[in-house]
Amino acid sequence: MLIYDFHGNTNKLEIYRDVVDATLWMFSKEALITVIRGCWILYEKPTFQGQKYVLEEGERMLTDILNLHREKAQGNFTIGSIRHIMKDCSIPEIELCSHNSTDHFPIFMQTGIANLDELEVENPIISVKAGVWLAYSDIDYKGEKTVLEENQSPCKLSAIDVKSFRPLKMGGLKVQMPMNTMMIIYERPHFGGWCKKLSENTDCIPILLENSDVFQGIGSIRVIGGIWVAYNKERYKGRQYLLEEGEYEHWQSWGGVSSVLLSFRFLQANFMESEVTLFETDEENGKVLDVINQDIPDLELAGFGLVTRSVVVKSGVWVAYQQKYFCGEQYILEKGKYKCFLDWGGTSETIMSVRPIKLEPLGDHQPIHWIKAFDNIHFQGSCIDFTTEAADFTSFIPCSFKVLRGCWLLYYQGKAAVEQCVLEEDLYPDLASCGCSATKVKSLKPVEHVFAEPLISLFALENCEGKELHLQEATSSVLNKEFHFLTQSIWVKSGIWIAYEGCNFLGKQFLLESSKISNWTQFSGWKTIGSLRPIKQPAMYFRIKNRSQEKYLTVAGSLMDGRATSVCLFPQNGKNTQIWHYSHGLIKSKVNDACLDVIGGRDIPGAKVALWTEHGKPRQKWTHNKDGTITSYLSDQLVLDIKGGDYYDKNHIIVNQLNINELTQKWDFEIL
């Protein structure tokens with residue numbers, strides 16, 4: 001759990017475990033709490049006494065949690081104590097039985113119920129068998145809340161007091177900073193004894209120690225950044241344990257059978273979009289299950305069998321489990337094909353549950369560009385973080401980089417002139433891996449974020465004339481037999497591109513932003529272009545704010561149905577309904593992966609915009625322009641707008657005729 005207080009202590013407060021007395025911390029009315037993992041309770045008094053405030057994963061203002069009005073709130077606030085109440089994904093269960101009669105069998109519930117009266121249990125007595133539950137004084141999970149936990153004595157619920165209840169649920173597997181690979185291993189539990197920092201894959205832990213013979217295991221682990229896999233054998237073999245960002249006080253906390261861990265490696269992938277296919281047999285017409293961005297706690301309940309013959313991971317990283325509800329042995333599945341259980345490190349063909357690792361937004365007030373520079377290779381030595389342009393490297397000479405957010409331009413002194421190379425979100429253990437042929441960096445500059453599909457035209461004559469070659473994706477050789485194109489001028493129509501002097505994306509580099517270059521040789525000093533590719537879209541989430549009302553694009557209506565869900569403007573609510581990401585021209589909602597869509601595909605002003613299941617047609621594709629407008633692929637004269645008027649749907653979203661003076665057509669992407 002993170003607590004930010006921007007008008008008091010500007011540093012974030014990171015909380016990993018129970019805090020018995022938190023009264024020394026003072027918070028202003030602007031304090032913001034972000035729960036990354038698990039469920040927590042804030043208590044009014046120390047030692048977990050007084051009024052309780054339950055926090056599930058997400059982001060909320062402290063004043064909203066404490067039911068205070070920010071405008072009226074005066075002075076600073078304190079929290080009595082903090083308790084972590086859910087640390088795993090165990091199946092919640094609650095028992096209801098009638099108080100007045102022994103004739104009725106007890107009812108066991110593992111899911112919430114929106115109206116307790118529907119169970120027709122008179123004067124029920126409730127016992128929590130597993131998990132933590134919230135009881136509400138009104139139907140549909142509204143009204144006053146009461147926290148119900150395990151090991152409490154059974155209590156009688158009044159039908160007047162409790163009308164609905166539901167279990168608290170922990171979210172799935174997450175990573176916030178996949179490129180900030182750093183973990184610390186400790187000799188003893190609770191972070192005692194010797195410690196070693198790891199920032200790269202390590203296939204044998206004992207050889208890191210001065211006396212490897214004394215190694216008896218790892219007592220505790222702190223994962224600072226990235227998402228890691230630990231193995232109980234050397235060279236990434238044996239039992240697998242996924243380690244998310246956070247603290248592991250002893251070997252039971254990572255699900256181990258002992259403290260023996262002998263190798264570690266970090267995972268790198270597109271954590272925003274995940275897709276996997278499970279095959280029950282080798283036959284073409286056998287049972288198949290496709291899963292996209294979804295946790296499946298019970299594959300049998302999802303209609304799949306008890307046997308998984310093979311697996312194809314199309315994108316992302318997935319974790320498969322030997323038992324239901326994400327229990328038992330873990331198998332880390334990265335992009336590629338697994339022909340049998342031996343390929344994924346299993347002992348049988350049994351997989352009972354699967355879930356993806358998802359990228360989690362960093363939140364507000366975080367840098368949108370971020371690079372870590374080290375003055376030694378392989379991320380060793382002193383480290384300096386840069387979030388803006390840096391030009392003075394006289395006393396600090398970078399030799400390796402971790403690009404955490406956004407893309408950067410690295411300038412270095414070439415043989416005849418200052419050259420450049422592009423650093424995308426990745427790990428660069430030395431300058432050669434950056435594409436830099438020099439030994440000294442002159443400056444670093446962040447590359448502006450662009451939300452548009454790449455499109456570039458190469459011309460055989462100067463001034464963008466003559467034979468034209470259109471490109472929308474990478475080409476490893478512009479000079480091959482198919483093209484053999486001698487580029488004389490360029491028109492970058494959208495997106496950002498990287499030009500290479502050599503084929504196969506080798507040699508000197510040039511960043512190409514939206515513009516016309518009438519004479520390529522004069523501009524670059526190169527005779528021609530060898531290869532070309534679009535820059536990788538940085539993995540990030542954002543909110544979309546309208547400049548006229550200072551409100552945000554919000555998903556409304558049924559979130560379970562990705563078809564024709566309404567989109568409207570609403571004040572900031574801290575929920576996933578206002579979080580979006582951009583992929584191949586699509587603006588996709590984090591809450592259900594559906595896309596902004598011009599319903600019916602009508603290219604006329606006033607056409608309604610809503611969410612729809614992804615199909616990738618032009619009516620779902622958009623470009624965010626520098627002037628703030630969001631243009632539809634249906635027409636460059638149709639832009640996102642607010643309907644307006646006096647009716648109930650005045651805040652709904654439409655496409656409208658472009659009017660550069662209309663503020664309702666201007667949108668800002670606030671990167672999280």
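## The β5-β4-β7 sheet

In what order do the three strands of the open sheet lie, and is their pairing parallel or antiparallel? In this predicted model, the order is β5-β4-β7 and the pairing is antiparallel. The edge strands, each pairing on one side only, are β5, covering residues 49–55, and β7, covering 81–86. From one strand to the next, the twist averages 30 degrees.

Strand β4 spans residues 39–45 and joins β7 through five bridges, again in the antiparallel sense. Within this sheet, I82 of β7 has L42 opposite.

## Annotated domains

The UniProt record, an unreviewed entry, places the feature "domain: Beta/gamma crystallin 'Greek key'" at residues 38–86, 131–169, 181–225, 226–268, 316–358 and 495–536.

Two of these stretches can be described by their secondary structure. Residues 226–268 are 47% strand and 0% helix, with 8 Å between the end C-alpha atoms. For residues 495–536 the values are 36% strand and 12% helix, and the end C-alpha atoms are 10 Å apart.

Q420 belongs to strand β34, which runs over residues 418–423. Is Q420 buried or exposed? Its relative accessible area is 11%, so Q420 counts as buried, the cut-off being under 20%.

Leaving aside residues up to four places away in sequence, Q420 touches L409, L410, Y411 and Y412, and also Q509, F510 and L511. With L511 there is a polar approach: a polar atom of the Q420 side chain lies 2.6 Å from the backbone nitrogen of L511.

Terms used: Residues are numbered from 1 along each chain as its sequence is written. This is a predicted model: local features need pLDDT of at least 70, side-chain atom pairs count only at pLDDT 80 or more; totals for chains, interfaces and linings use all residues. Side-chain values use heavy atoms; hydrogens and water are left out. Two strands pair if DSSP finds at least two bridges between them. Helices (H or I, at least four residues) and strands (E, at least two) are DSSP runs, numbered from the N terminus. Axes are lines fitted to C-alpha atoms, for helices over the stretch in contact, and angles run from 0 to 180 degrees between N-to-C directions. UniProt positions are given in the numbering used here, feature names are shortened, and annotations may be inferred rather than shown by experiment. Buried means under 20% relative accessible area, exposed over 50%, partly exposed in between (1.4 Å probe, protein chains only). A polar contact is a pair of N or O atoms within 3.5 Å; within protein, one must be able to donate a hydrogen and the other to accept it, and residues adjacent in sequence count only if both atoms are side-chain atoms. Contact means heavy atoms within 4.5 Å.
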